Amino acid sequence: MDTMRERFASVVSRLLDDDPRLAVVLAEIGKDGFTDAARTHPDRVINVGIREQLLIGVGGGLALTGMRPILHTFASFLIERPFEQVKLDFGHQGAGGVLVSAAGSYDWPAGGYTHMAPGDVALLDTLDGWTVHVPGHPDEAETLLRDAVAAGDDSVYVRLSAHSNSAPRDIVPGRFLTVREGRRGVVIAVGPMLDGVLTAVEGLDVTVLYATTVRPFDERAVRATAGAAVGRVDVVLVEPYLAGTSTAAVNDALADRPHRVLGLGIPRRELRRYGTIDEHLAGQGLDPVALRKRISAFLR
Amino acid sequence: MTFTDVHTGYGYEDLPRLMSLMTGDEKHGPAATSTLDVVWVLYDRVLRVSAAAGDAPERDRFLLSKGHGPMAYYAVLAAKGYIPESLLAGFGAYDSPLGHHPDRVLVPGVEISSGSLGHGLPLAVGSALGLRAQGLSGAAVWVLIGDAELDEGSNHEAIAYAGAVGLERLHAVVVDNASASHGRPGGIAAHFEAAGWSTATVDGRDHQTLYEAYTAPHPGRPHVVVARVEAKV
């Protein structure tokens, strides 16, 4: 099976053949995946060098001329470093584009904190109108990427990861998927957290919703699931980025119902450990054993 | 938004009066007019744009990156029929489209929303690439930046890249009123030249000299015109 990033390169390379409005903008990172596409479409595969402010500015400029830009690099350099460009060169211009990140929160633990951006989705939450997709499998990444590219002039963020679930789910962009049903609470697993969550809640009487689009947040799914419960609703979020990023979204969805929310994800404090993704998840309290303890304690 | 009550019979001599509708001043010092001649000559003699064909894909683009002090720009837009003179008095008011930094969503003819320095040149690079990718290779992209604006590092990402790839349809005009605290040893043009740009440094008040610098051929290279005006005091 290919990785999400490999799928991104192959799918977008094909889309470039079909849609003259598309252009890919890179800042060195990821260019190898587009070697062939760059030969076929030299004017629409653009590598600006290690220049991330320019990466976003070029994307905005392309959009202003009517193109649909697809920008890619690691999340730290796509969202955090040039954040004012994301804010002004897209939204403030009334322009849109597709921003596709890799490395996310913990994809390269040995690379350390400089290559981790757990705050990316929270940062985008300060801006208007961004759709945020978090696929949990390469097949889902393809579905969501195709949806993002076809979304008119919307601004869309697609958060690819090296962390993946073992099998794809039959997702619909923008919608949460009910994976299992129970009566004691609702666990919302985002993207690559699903497998770990399902292992963690084995034998627990809970509903599991699977979220691969987190903005806009599928409030209807949360309300529909909560509607089946009696009395207070307990919701646990398990997100592969900053803990609590979607807590406010759950609160908004359940504003007229008694509820509690536990937001699990990457803490603010730096772990300052290297190693593997599995070790990192365990260190952050997000492996199945830790998740089970934390979810059970909250629902008790 | 388009306006039906615009007027196009204005000349350069009308600009001070149009500006005074915004500033309330009869006369304007060098700071308020630092971009006036530079922008006027572009709109009057160089840019292939018109208010009537405001959205034509093949039009030239003028991006005002240095968004502060836009009175001269608005005056030129009024003189060229993009906005009615009657709007100018509302400059900065709640219900006016004319802010102290221009907003492309609100003002016809304004190609970018600016105000935060260092965004125009990267957006211009992207615009030039976008036009080229669509086969609109006749369209020129112009971006106006200030000499102190060059302090922003984002410009240098754009200058280095555009020079390296020879982005011929990209043009910058740097209005140099010596307002950068730390100056630029070697001069502004030398900086662009080292990055592979075609350059010209001229008197930013002399219309014929500006015109010649704007229209100088620069095959295979982006072009910058450094327009010197009175030093900001």
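**Exercise 1. Find the residues that T201(B) touches, leaving out residues up to four places away in sequence.**

Step 1. Apply it. T201(B) touches A189(B), V226(B) and R228(B).
Step 2. T201(B) is found in strand β4 of chain B, residues 198-203. Helices (H or I, at least four residues) and strands (E, at least two) are DSSP runs, numbered from the N terminus.

A note on the model and its numbering. This is a predicted model, in which local features need pLDDT of at least 70, side-chain atom pairs count only at pLDDT 80 or more, and totals for chains, interfaces and linings use all residues. Residues are numbered from 1 along each chain as its sequence is written, while chains are lettered from A and ligands numbered from 1 in the order in which they are written.

**Exercise 2. Decide why T201(B) counts as partly exposed.**

Step 1. Recall the cut-offs: buried means 20 or more other C-beta atoms within 10 Å of the residue's own, exposed means 12 or fewer, and partly exposed lies in between; C-beta atoms are placed from the backbone.
Step 2. Count. T201(B) has 17 other C-beta atoms within 10 Å, so it is partly exposed.
Step 3. T201(B) and Y73(B) are 128 residues apart in sequence and 21 Å apart in space, C-alpha to C-alpha.

**Exercise 3. Describe the fold of chain B as a whole.**

Step 1. Count the elements. Chain B has seven helices and five strands.
Step 2. Read their order. From the N terminus on, they run α-α-β-α-α-β-α-β-α-β-α-β.
Step 3. Check the burial. Buried residues make up 46% of the 233 residues in chain B.

**Exercise 4. Work out which parts of chain B touch chain A.**

Step 1. Take the totals. 23 residues of chain B are in contact with 25 residues of chain A.
Step 2. Name the helices. On chain B, α4 (120-133) and α5 (153-165) each supply at least two residues of the side that touches chain A.
Step 3. Find the largest share. It comes from α4(B), with 11 residues.
Step 4. Sort by type. That side of chain B divides into 12 nonpolar, eight polar and three charged residues. Ala, Val, Leu, Ile, Met, Phe, Trp, Tyr, Cys and Pro count as nonpolar, Asp, Glu, Lys and Arg as charged, and the others, Gly among them, as polar.

**Exercise 5. Trace the contacts of V125(B).**

Step 1. Leave aside its neighbours within four places in sequence.
Step 2. List the partners in chain A. V125(B) is in contact with L54(A), G57(A), V58(A) and G61(A), among others.

**Exercise 6. Characterise chain A.**

Step 1. Count the elements. Chain A has 12 helices and 12 strands.
Step 2. Find the extent. Its C-alpha atoms fill a box of roughly 60 × 40 × 35 Å, taken along the principal axes.
Step 3. Check the burial. Of the 300 residues of chain A, 54% count as buried.

Methods:
Contact = placed C-beta atoms within 7 Å.
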